[in-house]
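Have a look at the model first.

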Amino acid sequence: MTKADLIAVMADGAGITKAAASKALQLYLDAVGKELKKKGKLGLVGFGTFSVVKRKAREGRNPQTGTTIKIPAKKVVKFRAGKSLADKVK
């Protein structure tokens with residue numbers, strides 16, 4: 001499913017225009033990003049939990065040349081599905 005498909009489903013389900021659904025989705029994505037940057041964790045009961053984790057610096061290999069490269073440490077977003085979402089996927 002693409003972002004456009006999701007917007008169409010949201011608009012149809014809520015009985016609103018695609019423009020309004022697009023704005024709502026963008027506001028949701030912005031809010032999630034701001035909360036993760038601010039507190040590092042966001043939980044939506046029944047859906048799942050987003051959290052920010054630190055990934056250590058490590059060594060990797062360039063697949064074309066085989067030379068060793070240093071991959072710097074960085075923060076990444078991790079998602080853990082809630083029970084309700086996990087049950088829907090089964």
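Phe50 is buried, with a relative accessible area of 17%; buried means under 20%, exposed over 50% and partly exposed in between, using a 1.4 Å probe and protein chains only. This is a predicted model, where local features need pLDDT of at least 70, side-chain atom pairs count only at pLDDT 80 or more, and totals for chains, interfaces and linings use all residues. Residues are numbered from 1 along each chain as its sequence is written, and side-chain values use heavy atoms, leaving out hydrogens and water.

How many aromatic pairs does the structure hold? There are two. Rings of Phe, Tyr and Trp (its six-membered ring) pair if their centres lie within 6.5 Å; planes under 30 degrees apart are stacked, over 60 edge-to-face and the rest tilted.

| Pair | Centre to centre | Angle of planes | Type |
|---|---|---|---|
| Phe47 and Phe79 | 5.5 Å | 50 degrees | tilted |
| Phe50 and Phe79 | 4.8 Å | 50 degrees | tilted |

Phe50 lies in strand β2 and Phe79 in strand β5, so their pair ties together parts 29 residues apart in sequence. (Strands are DSSP runs of E, at least two residues, numbered from the N terminus.) Phe47 sits in the loop between β1 and β2, so its pair with Phe79 ties together parts that are 32 residues apart in sequence. Phe47 is partly exposed at 36%, and Phe79 is partly exposed at 36%. Ring pairs link Phe47, Phe50 and Phe79 into a cluster.

Now for the strands. Eight bridges join β2 to β5 (residues 74-81), and these strands run antiparallel; pairing takes at least two bridges found by DSSP.

Notes:
Helices (H or I, at least four residues) and strands (E, at least two) are DSSP runs, numbered from the N terminus.
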